[in-house]
Amino acid sequence: MACVSITRALLAIMLSVCAAGAAHAQPAQQQPAPLAHSALLAVDAAPTAGGLLLRVRRATGETPVVVSDVAVTIDGKAAPATARTDGSWFVARPAGAQDAGKTIDVTVGHDGIHEVLSGRLVPPGAVSSRASPAAGTGLSSSRKQLLWWILNIAIVLIATIAISRRTS
């Protein structure tokens, strides 16, 4: 009987250590918030370390848009945008630059045309719950999924302990 309680205590300690380590292992990336849209395109933006992340997508449908070039101006000053391998665009910004509330114009070249989309970057805490479902809970979707897996593993471990106590 003492063996089962020691095993249960060790499993509880290991589970809590793993949960705490997983929660602090990776900082949550801010999800891109809607910046501007047209009839064909939508541009989402999020501040990142050292710059601004832009995602260009079709306003409707799931087919990806092939973007040939992106030009960005922030409050009338040109900022170079570079393509990333995941299809997003990165705009390098000086350290400490606060772009929230500034007017951002994005010129997107796609399908033989150029569209100019303009919007203001939303401050990090002011994303509406409609734009980001996880905004109200304070957890990103990857952290929610991680917590879900930890909960599932804990349930399986508890069931295993309960079944092993019955058979012994």
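A polar contact, as I use it here, is a pair of N or O atoms within 3.5 Å; within protein, one must be able to donate a hydrogen and the other to accept it, and residues adjacent in sequence count only if both atoms are side-chain atoms.

**Ground rules.** I'm working on a predicted model, where local features need pLDDT of at least 70, side-chain atom pairs count only at pLDDT 80 or more, and totals for chains, interfaces and linings use all residues. I number residues from 1 along each chain as its sequence is written, and side-chain values use heavy atoms, with hydrogens and water left out.

**Confidence.** I looked up pLDDT (the predictor's confidence in each residue, from 0 to 100). The protein averages 78, and 76% of the residues score at least 70. Residues 127–137 fall below 50, yet in the model this stretch has ten contacts beyond near neighbours in sequence. Contact here means heavy atoms within 4.5 Å.

**Layout.** I get two helices and nine strands, in the order α-β-β-β-β-β-β-β-β-β-α. These are DSSP runs numbered from the N terminus, helices being H or I with at least four residues and strands E with at least two. Of the contacts with a separation of 6 or more, 48% join residues 24 or more positions apart.

**Surface.** Accessible areas are Shrake-Rupley with a 1.4 Å probe, and for residues only the protein chains shown count as cover. The total comes to about 11000 Å², with 64% of that on carbon and sulfur atoms. I call a residue buried under 20% relative accessible area, exposed over 50% and partly exposed in between (1.4 Å probe, protein chains only). Buried residues are 25% of the 168.

**S88.** Buried or exposed, I wondered about S88? S88 is buried, because its relative accessibility is 1%. I find S88 in the loop between strand 6 (81–83) and strand 7 (89–92). Its side chain makes a polar contact with the side chain of D86 at 2.6 Å. Leaving aside neighbours within four places in sequence, S88 touches L53, L54, R55, T82 and A83.

**Salt bridges.** My criterion is a side-chain nitrogen of Lys or Arg within 4 Å of a carboxyl oxygen of Asp or Glu. How many salt bridges does the structure hold? I count three.

- D86 and R55 pair at 3.7 Å, N to O. D86 sits in the loop between strand 6 and strand 7 and R55 in strand 3, so the bridge ties together parts 31 residues apart in sequence. D86 is partly exposed at 44%, and R55 is partly exposed at 32%.
- D44 and R57 have their closest N and O atoms 2.9 Å apart. D44 is buried at 10%, while R57 is partly exposed at 38%.
- R58 and D111 come to 3.5 Å between the closest N and O atoms. R58 is in strand 3 and D111 in the loop between strand 8 and strand 9, so the parts tied together are 53 residues apart in sequence. R58 is partly exposed at 22%.

**Backbone check.** Most residues other than glycine have a negative phi. D111 has a positive phi of about 50 degrees though not a glycine. D75 also has a positive phi of about 50 degrees without being a glycine. I place D75 in the loop between strand 4 (67–74) and strand 5 (77–79), partly exposed at 44%.
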